[in-house]
Amino acid sequence: MTNTPTTATDQKEPITLNELFEEYIELIRPLQSGQTVRVKISAYNKHIKPLYGDSDIKILKYKDYQTLVNNLLDSGLKPKTVRNIKDIIQVMYKMAIKLEYTDKNPLLDVELPKYDNRRYFTYSTEIQKKFIASILVFEEAIYSDIFIFLLHGRRLSEVLLIEWEMIDLEQRLYHIPARINKAKQNMTYKMTDLLFQILYNRYFRAQIKQDTKYPTGYIFVNPNTNRPYVDMRKPWKRLLKGADLPKVHIHDIRHLIGTYTINTLELPVEKVSQALGHTSIEITQRYITPKPENAREVAQSMFSSVERLYEHE
């Protein structure tokens, strides 16, 4: 008699959603940034665990998850937020299938309403310019340096976790490794003169502090903890209040960059996409603000191009 290996799908002991989530987090923890992991844990604990956490993953069906999505939408959460929550569970089931805990992913047919995923920074051009100028002249030095780094298109987590080993002052380059960026790809960027001066000055001070020619560790260190900063909300609020600017999130600096450089400066979308570290141009195109006059200009250009042909008939 041949012994047949027992797979997870043959097990009588149910695997709860909580158990699956714990295993999922342990598998992704080395692969994703600490901030991303924390956000997923928070979303799961708040929106998923109370309802289905103790349930067997094979008992939960499409209707259960469609109901969850509908309830989250009815509670006032934005469709994009609900999609992010749904995606967490969907990836968990994808992993469960690979581990042979189940053979179906009930999230595949769950639907959400269509929504506009373009990123709008709806303030006037003058206000956009004021945001940029206010960051450039902010007087709190360490925070100013961080905010200016953000103006180069970097995400906050990338700036706070960047280390001296990622900086090449001789070539005026800085590297954002896959382990700290959202794209999960190694990326390299050229410094502006302003960023070079900021990093050069900090490098010099780090040499003195560490008493070494080649400093190591994080560039932006909280002197109270000797660890990287984790929260910039208070200094960001001070900047906004001091400059009498509208209240926006610090992450909106990226939206400001995309909106201002594409729509006001009319820089090529391809260049802005690379500056923002996007993996595809489609992501950057969300910042494009439709212009009503474009329809007229396109049609008029077409007519003008053939005008000579019918003028002489």
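D193 counts as exposed, at 59% relative accessibility, where exposed means over 50% relative accessible area, buried under 20%, and partly exposed in between, with a 1.4 Å probe and protein chains only. In this predicted model, D193 forms a salt bridge with R172, the closest N and O atoms being 3.2 Å apart; by salt bridge I mean a side-chain nitrogen of Lys or Arg within 4 Å of a carboxyl oxygen of Asp or Glu. That pair links distant parts of the chain, since R172 sits in the loop between β1 and β2 while D193 is in helix α8, 21 residues apart. R172 itself, at 31% relative accessibility, is partly exposed.

A word on conventions before I go on. Residues are numbered from 1 along each chain as its sequence is written, and side-chain values use heavy atoms, with hydrogens and water left out. Because this is a predicted model, local features need pLDDT of at least 70 and side-chain atom pairs count only at pLDDT 80 or more, whereas totals for chains, interfaces and linings use all residues. Helices (H or I, at least four residues) and strands (E, at least two) are DSSP runs, numbered from the N terminus.

How many salt bridges are there by this rule? The count comes to ten, and I will take two further examples. R238 pairs with E140, with the closest N and O atoms 2.7 Å apart, and this pair again links distant parts of the chain, R238 being in helix α9 and E140 in the loop between α5 and α6 (141–150), 98 residues apart. Both partners are partly exposed, R238 with a relative accessible area of 39% and E140 at 26%. The other example is E165 with R179, whose closest N and O atoms are 3.9 Å apart; here E165 lies in the loop between α7 (156–161) and β1, and R179 in the loop between β2 and β3, 14 residues apart. E165 counts as exposed at 63% relative accessibility, while R179, at 45%, counts as partly exposed.

Three strands form an open sheet in the order β1-β2-β3, with antiparallel pairing, where two strands pair if DSSP finds at least two bridges between them. The edges are held by β1 (167–168) and β3 (187–190), each with a single partner strand, so one side of each is left without a neighbour in the sheet. Between β1 and strand β2 (residues 173–176), which run antiparallel, there are two bridges, and I167 stands opposite Y174 in β2.

Turning to the helical part, P246 is found in the loop between α9 and α10 (252–264). Which residues does P246 contact, leaving aside its neighbours within four places in sequence? They are Y123, I127, F131 and L240, contact meaning heavy atoms within 4.5 Å. P246 and Y123 are 123 residues apart in sequence, yet 8.8 Å apart in space, C-alpha to C-alpha.

Two backbone values deserve a look. E100, in the loop between α4 (79–98) and α5, has phi near 65 degrees, a positive value in a residue other than glycine, and E100 is partly exposed with a relative accessible area of 40%. D211, in the loop between α8 (193–210) and β4 (221–222), likewise has a positive phi, near 55 degrees, and counts as exposed at 70% relative accessibility.

For the protein as a whole, there are 13 helices and five strands, and of the 313 residues 40% count as buried. Among contacts between residues at least 6 apart in sequence, 60% join residues at least 24 apart.

Finally, confidence, given as pLDDT, the predictor's confidence in each residue, from 0 to 100. The mean pLDDT of the protein is 87, and 90% of its residues reach 70 or more. Among the elements, helix α9 (residues 233–242) has the highest mean, at 96, and helix α13 (residues 293–311) the lowest, at 69. Over residues 1–11 the pLDDT stays under 50, and the model has eleven contacts for them beyond four places in sequence. Where pLDDT is low, the predicted coordinates should not be read in detail.
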